[in-house]
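Q: I would like to go through this model with you, beginning with the chain as a whole and then its parts. Could we start?
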Amino acid sequence: MGVAEPRGRMRYQVFQAQTDVLAPMRMAAGLANAALSFGPSWLKQIPPLGHLSAGWEMINRAGLTHERPDYGLTTVRMAGEDVPVSEEIVTGTPFGNLVRFRKAGDPEQPRVLLVAPLSGHFATLLRGTVETLLPENDVYITDWLNAREAPVAAGAFGFDDYVAHVIAFLEAIGPGAHLISVCQPCAHALAAVAIMAEDDHPATPLSMTLMAGPVDTRVNPTKVNDLAQSHPIAWFEKELIATVPARYAGAGRKVYPGFVQLTAFMMMNLGRHIDAHVDMYTHLAVGRTEEAETAKIFYDEYFAVLDLTAEFYLETVSRVFQDHLLPKGELMWRGRRVDPGAIRRTALFTVEGERDDICSVGQTVAAHNLCANIFANRKRHHLQPGVGHYGVFNGRKWQTQIYPLVRNLILATN
């Protein structure tokens, strides 16, 4: 541990120093571009000025933020009318809040807890998921907070604490809710429901939808899974864990930095990201603002990162991706063995994407074998053709082909 600490601290300090050095340059580029915008609209149509403006904007955008973007969901269309929506924090801890998207008039609708991944991005990455669910459901989300803002005095937040938060959030919503887990936390969510079912907890959800999540990563391993298997957990701690700098509320806390996770994601599809930025520059330079705006919205979200606590990251890598404790029947939660077989009354729906290169086909549907005591007529699986990982819970096919199946399950079990 003593060797890892200085290296981790230095990594974060170097990143922060680079960010500080580039900040004035980014600000200057933004101001210059803003000044150019005060001129007549035809000015940017002059090729040299159009390219100059595009270059300034790309420089201004060349950085990460650790601030959560807005969900931006202020109204929802219902019965031909725009109904106001407000974000309400129902309950929370220093590590995460339960946020409700409350509609004016509080219409009676199925209550849905959307369990968001804690993998380097904010829960706002699921904005499109929420937007699709919102017209017909009373939607709540696990809104995870940046670990670098959690004081060391707040204590640890590990795998077991994530599971405990899911249970506590379901308790706060009350009996009769439905759970939808997206990506990384499918194993955590399944564990939470199994514990609640074994305890005959009144807030055990009526249905559980697991979408593109690593329930059993022994099935069709991806590059992500191979990386987890290629090094012992001590390597991950030594090479990837950093210490939060003194300027932040969580100073001294050990974290897996969001910028490290983002770098890993970017390297998986580096060519595609480079092409996207080249296209963005070209669109900006020639005045194709609508095409550029689509990419800008995506990367504004993608470049907003949060840090994970070291214990959550390391325990998740170890328990889910290395030791496969849940599918082997060996996962423990606060001294108790997690038994998915205890789930009997909660309906199960699993969704996978045909082209998913992060959580491959077979890893999520494995939940069906684990939940052996759910009657067959209450278990469903859907393999969505033609989509990758994000297409399972965002985009047109999620809206038109996957969500209708989720809605049918909710209505059938509500």
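Q: Among contacts in the protein chain between residues at least 6 apart in sequence, what percentage join residues at least 24 apart?
A: The share is 78%, where contact means heavy atoms within 4.5 Å. Please note that this is a predicted model, in which local features need pLDDT of at least 70 and side-chain atom pairs count only at pLDDT 80 or more, while totals for chains, interfaces and linings use all residues. Residues are numbered from 1 along each chain as its sequence is written, and side-chain values use heavy atoms, with hydrogens and water left out.

Q: How many helices and strands does the protein chain have?
A: The protein chain has 13 helices and 14 strands. These are DSSP runs numbered from the N terminus (helices: H or I, at least four residues; strands: E, at least two).

Q: What is the strand order in the open sheet of nine strands?
A: The order is E1-E2-E3-E5-E4-E6-E7-E13-E14, with mixed pairing; two strands pair if DSSP finds at least two bridges between them. Strand E1 (75-78) and strand E14 (379-384) each have a single partner strand, so one side of each lacks a neighbour in the sheet. From one strand to the next, the twist averages 20°, with axes fitted to C-alpha atoms (for helices over the stretch in contact) and angles running from 0 to 180 degrees between N-to-C directions.

Q: In which sense do E7 and E13 pair?
A: Strand E7 (residues 207-211) and strand E13 (residues 347-353) are paired in the parallel sense over five bridges. Leu-210 stands opposite Thr-350 in E13.

Q: Turning to H4, which strands does that helix lie across?
A: Helix H4 (residues 159-173) lies across E2, E3, E4, E5 and E6, and runs at about 165° to E4.

Q: How many of the 15 residues of H4 are buried?
A: The number is 11, so H4 is largely enclosed by the rest of the structure; buried means under 20% relative accessible area (1.4 Å probe, protein chains only). The buried residues include Phe-159, Tyr-162, Val-166 and Ile-173. Just after H4, Gly-174 takes a positive phi of about 100°.

Q: And what lies across E14?
A: Helix H13 (residues 396-413) lies across E4, E6, E7, E13 and E14, running at about 175° to E14.

Q: At what angle do H7 and H11 pack?
A: Helix H7 (residues 233-240) and helix H11 (residues 310-322) pack at about 150°, with their axes 10 Å apart. Residues making the contact include Phe-236 and Leu-240 of H7, and Leu-314 and Val-317 of H11.

How values were computed. Buried < 20%, exposed > 50% of the residue type's maximum accessible area, 1.4 Å probe, protein only.
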